[in-house]
Amino acid sequence: MEASVDRVGAYTCPMHPEVRSDRPGSCPKCGMALEPVLPGAAAKTEWMCPMHPEVVRDAPGSCPVCGMALDPRVGAAAEEENHDLRDMKRRLWFAAAVTVPLVLLAMGDLLPGHPISHLLSLRVRTMLELILATPVCTWAASPFFVRAIQSVRLKSLNMFTLIGLGVFVAYVYSLTAALVPGIFPAAFRGEGGQVAVYFEAAGVIVTLILLGQVLELRARSATSTAIKKLLGLAPKTARRIRQDDVEEDVPLDVVAVGDRLRVRPGEKVPVDGLVLEGASSIDESMVTGESIPVEKHAGDRVVGATVNGTGSLQVRAEKVGAETLLVRIVAMVAQAQRSRAPIQKLADVVAGYFVPIVIGIAVTTFIVWSLVGPDPRMAHALINAVAVLIIACPCALGLATPMSIMVATGKGATLGVLFRNAEAIEIMRKVDTLVVDKTGTLTEGKPKLVSVLPASGFKEEALLRLAATLERGSEHPLAAAIVKGSEDRGVQLGDVSAFESITGKGVRGSVDGRAVSLGNPALMTQLGIELGELAQQAESLRTEGQTVMFVAVDGKSVGLIGVADPIKDSTPEAIRALHLEGIRVVMLTGDSRTTAHAVAGKLEIDDVIAEVLPDQKVDVVKRLQSEGRFVAMAGDGINDAPALAQAQVGIAMGTGTDVAMESAGVTLVKGDLRGIVRARHLSRQTMRNIKQNLFFAFLYNTVGIPIAAGVLYPFFGLLLSPVIAAAAMSFSSVSVIGNALRLRRADV
């Protein structure tokens, strides 16, 4: 079987990459042998900043706004090596190896007997410190200087502005003091007349900041662990059944819509598809969070990357590549991780003013200490100013929100709850009213034909034939139930023409030359058709929870069709859990009042609004919002999309339409309303986590900067060494990320 021209193949020409084939051969353009293409080889890796998601690059590097190392976008490079982490580790090991003897040289005289002074003169010791500190403060620290210069050039001062300035000042001062000490006035000299150098402080600062960067990069990579695990579950090959029924293993990239695939016991389902033959149980926990395997038979749908049980299945591929549920989940999570929560605005505003203010505080610190500080005044002024610059880096403040959002979205994905953006996570906890559609949300969305009641003088088979023939042109779930029911009863269908769908009311058309209409009472009224005794019969069926449609032929009512949609097994438990959360549940449906109240009575739903047209659903949501309610809307159909967009939080069933999912802020992969309770719990824990991070970040800077400036010295004689400031700065960022990672273990 030849591959179509627009299909990604497993073999390509090295000179003409547009030539693709699903089997080895030669290029029709140049005759060269085709080379195999590894699955995913063509995927392009993109890199983004965790603090500024609008910054996206096609190669690793640093963010031009904040200077942080860019992260590979989740999904595109989940298994690739982090180049920035590798580089920082190399610089860290070198800096640590050189800084240890540097510190021993500088601090050795603190040991009993002053061993360093006995072995080396002060001049020799200073030169050795210079030799050791220079590669640390130049090569090892070069990423900080590059990012600091970039921040000044782009007029976007950030944490690396402060780090670069602090290290540069400490090193250049010490270098000058070592090479030309005579140029310094008395204010810089100690009791012995010597000018102190701070090579060990500069070296230790660089080493500690590198350590913080390594720990931070490692921790940041852990925020997307859940998504990396999902990606790792995707199979690399599929067993395709050719037209001659011969089975062959092919790379997943060559599988096209319509291909027949064999899924053997224990294998992963390669793509989203429809079961054609066989029966088995499928473990879908990797996308739904539910550990109980799901039974699958002919006609059921399967999801790519889920694990087959003991049976053998023949599956027709329906969604491949980027259209599969797994890839769409990864894309949605990646998009959510790149979005900004409203609470982030507070941190952004503070960070925007923070660096210039810190530089001002450092300059003020230098001036005050140089005027009124103890001798040597200038040395004290310099070292305290450097301590202010180093300790005040706003990295922890900037990371507080995005790290929690990244972990929360990954956690949600493992539970079958997909957040479209960070705003949905933040506001989900505020919901007090849930508006739910009935079909496909409270019910299974797979209605079944239950009743066929012809009017006097009309036969049941003829009634069903006309109704099913007409409905064959509709994509509505109720239409599918009627068509399926007629097929099960062996009814032969006719031909339909002039088909017309009347939104919210029904359908009409011409069947075998006769004008046939099928729909609710509103349609019959619109067409001027009398219902007679059928109206009472319909009401009786509705009290049993059936959805009833009237059938009219040539302007006369000839019978009615009753369809029932079973309530999902999980719905009663979900409604109880929502009530325990204090949420008012409102059922909004286009179905009749009688049917709607019958379903609502079984589920103890608080309020029912029935016989609502699709364009009226938005008005209902607006009315509830005008009453001061914080509304979430849950639905699964195209007709729910406007209401989903209007609600403060739109919740789509993953089993529904793509339009609904695009309009919603939250998607429940399995279509289980219990996921709403999980989403609320996760929302509350995420916001609590963010507030903790922001509190500690603000507290750290509020307390750390004054201490570094020396406010405790007049009272307790305490000064904060730049070395301690560097350690505190590095570990403040790591502690924020560590706190965010706790969400991975959150019980929701």
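## Close-up views of a predicted model

**View 1. Asn689 and its contacts.** Beyond the residues up to four places away in sequence, Asn689 touches Ser404, Asn739, Ala740, Arg742 and Leu743. The model shown here is predicted. Asn689 sits in helix H24, which runs over residues 674-709. Its relative accessible area is 2%. Buried means under 20%, so Asn689 counts as buried.

**View 2. Ser281 in strand E11.** Strand E11 covers residues 280-283, and Ser281 is part of it. Is Ser281 buried or partly exposed? Its relative accessibility is 21%, so Ser281 counts as partly exposed. The cut-off for buried is under 20%. Leaving aside neighbours within four places in sequence, Ser281 is in contact with Pro293, Val294 and Glu295, and also with Val307, Asn308 and Gly309. Val307 is 26 residues from Ser281 along the chain. The C-alpha atoms of this pair are separated by 8.7 Å.

**View 3. Helix H15 from end to end.** H15 holds twelve residues, 460-471. At 1.5 Å a residue, H15 should span 16 Å. The C-alpha atoms at its ends are 16 Å apart, which agrees. Which residues of H15 are buried? They are Leu463, Leu464, Leu466, Ala467, Ala468, Thr469, Leu470 and Glu471.

**View 4. The largest nonpolar core.** This core has 65 residues. Leu434, Met587, Val649, Ile651 and Val666 touch the most other members. Which helix gives the core its largest share? Helix H12, residues 395-414, supplies nine residues. A second, separate core has 44 residues, among them Phe160, Ile163, Val214 and Tyr700. In soluble globular proteins, nonpolar side chains tend to be buried together.

**View 5. Ile651 and the residues it touches.** Residues up to four places away in sequence are not counted here.

**View 6. The whole chain, for context.** The protein chain has 748 residues, and 52% of them are buried. Its secondary structure comes to 26 helices and 28 strands. Take the contacts between residues at least 6 apart in sequence: 65% of them join residues at least 24 apart. The chain exposes about 32600 Å², and carbon and sulfur atoms supply 58% of that area.

How values were computed: Residues numbered from 1 in each chain as written. Predicted model: local features only at pLDDT ≥ 70, side-chain atom pairs only at ≥ 80, totals over all residues. Heavy atoms only, no water. Helix = DSSP H or I, 4+ residues; strand = E, 2+ residues; numbered from the N terminus. Expected span 1.5 Å × (residues − 1). Buried < 20%, exposed > 50% of the residue type's maximum accessible area, 1.4 Å probe, protein only. Contact = heavy atoms within 4.5 Å. Areas by Shrake-Rupley, 256 points an atom, 1.4 Å probe, with all protein chains shown as cover. Core = buried A, V, L, I, M, F, W, Y, C linked by side-chain atoms within 4.5 Å.
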